[in-house]
Amino acid sequence: MPELSLSQAAKLTGKSKSTINRAIKTGKLSAIRHEDGTYSIDPAELARAFDVEPLEGVKRRDADLDGTRLLERITALEVMLNREREISADL
């Protein structure tokens, strides 16, 4: 997700722009200030500072995988890695 503006961060948290701005000024929220005076806020930083939950309907691609499925993927990747190592060693 791209960085957020002050307005976008306010909408996402349900806070006012002045509350977000105050959090930046006091150090509760880190943000990058641009030459034109605008801010860029990392969504992860916003979630940390304001305990914001991820947007509804948005989930990680692997969020539905259970432990068994993840172990199967890890095993398959290890096999592929070993094959690549053998090929590299032959070269």
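# Buried residues and helix packing in a predicted model

User: Which residues does E45 touch, not counting residues up to four places away in sequence?

Analyst: In this predicted model, E45 touches K28, L29 and S30 once residues up to four places away in sequence are set aside. E45 itself is found in helix α3, which runs over residues 43-50.

User: Why does E45 count as buried?

Analyst: The relative accessibility of E45 is 15%, and buried means under 20% relative accessible area, so E45 counts as buried.

User: What makes the pair E45 and R48 a polar contact?

Analyst: The side chains of E45 and R48 are joined at 2.5 Å, and a polar contact calls for a pair of N or O atoms within 3.5 Å, so the pair qualifies as a polar contact.

User: Why is α1 called roughly perpendicular to α2?

Analyst: The axes of helix α1 (residues 6-13) and helix α2 (residues 17-26) come within 8 Å and cross at roughly 110°. Angles of 65 to 115 degrees count as roughly perpendicular, and therefore α1 is described as roughly perpendicular to α2. On the α1 side the contact is made by L6, S7, A9, A10 and T13, and on the α2 side by K17, I20, N21 and I24. Sorted by class, this contact has five nonpolar, three polar and one charged residues.

User: How do you know that the buried residues of α1 line one face of the helix?

Analyst: The buried residues of α1 are L6, A9, A10 and T13. Seen down the axis of α1, these buried residues fall within an arc of 100°, so they line one face of the helix. An α-helix has 3.6 residues a turn, so residues three or four places apart point the same way. The cover over the buried residues of α1 includes α2, β2 (39-40) and α3. Just after α1, G14 takes a positive phi of about 80°.

User: Why does Y39 count as buried, and with which residues is Y39 in contact beyond its neighbours within four places in sequence?

Analyst: Y39, found in strand β2, has a relative accessibility of 11%, and the cut-off for buried is under 20%, so Y39 counts as buried. Leaving aside its neighbours within four places in sequence, Y39 is in contact with residues that include L4, S5, L6, N21, I24 and K25, as well as A31, I32, R33 and H34. For Y39 and L4, the separation is 35 residues in sequence and 8.0 Å in space, taken C-alpha to C-alpha.

User: Why is S40 called buried, and what does S40 touch?

Analyst: S40, whose place is in strand β2, has a relative accessible area of 14%; buried means under 20%, and S40 is therefore called buried. Not counting residues up to four places away in sequence, S40 touches E3, L4, A31, I32 and H34. The side chains of S40 and H34 are joined by a polar contact of 2.5 Å.

User: How many helices and strands does the chain have, and what share of the chain is buried?

Analyst: The secondary structure comes to four helices and two strands, which follow the pattern α-α-β-β-α-α along the sequence. Buried residues make up 19% of the 91 residues in the chain. Among contacts with a separation of 6 or more, 41% are between residues 24 or more positions apart.

Note on methods
Residues numbered from 1 in each chain as written. Predicted model: local features only at pLDDT ≥ 70, side-chain atom pairs only at ≥ 80, totals over all residues. Heavy atoms only, no water. Axes fitted to C-alpha atoms, helices over the stretch in contact; angles between N-to-C directions. Parallel < 35°, antiparallel > 145°, perpendicular 65-115°, else oblique. Contact = heavy atoms within 4.5 Å. Nonpolar A, V, L, I, M, F, W, Y, C, P; charged D, E, K, R; others polar. Buried < 20%, exposed > 50% of the residue type's maximum accessible area, 1.4 Å probe, protein only. Polar contact = N/O pair within 3.5 Å; in protein donor to acceptor, adjacent residues only side chain to side chain. Arc of directions from axis to C-beta.
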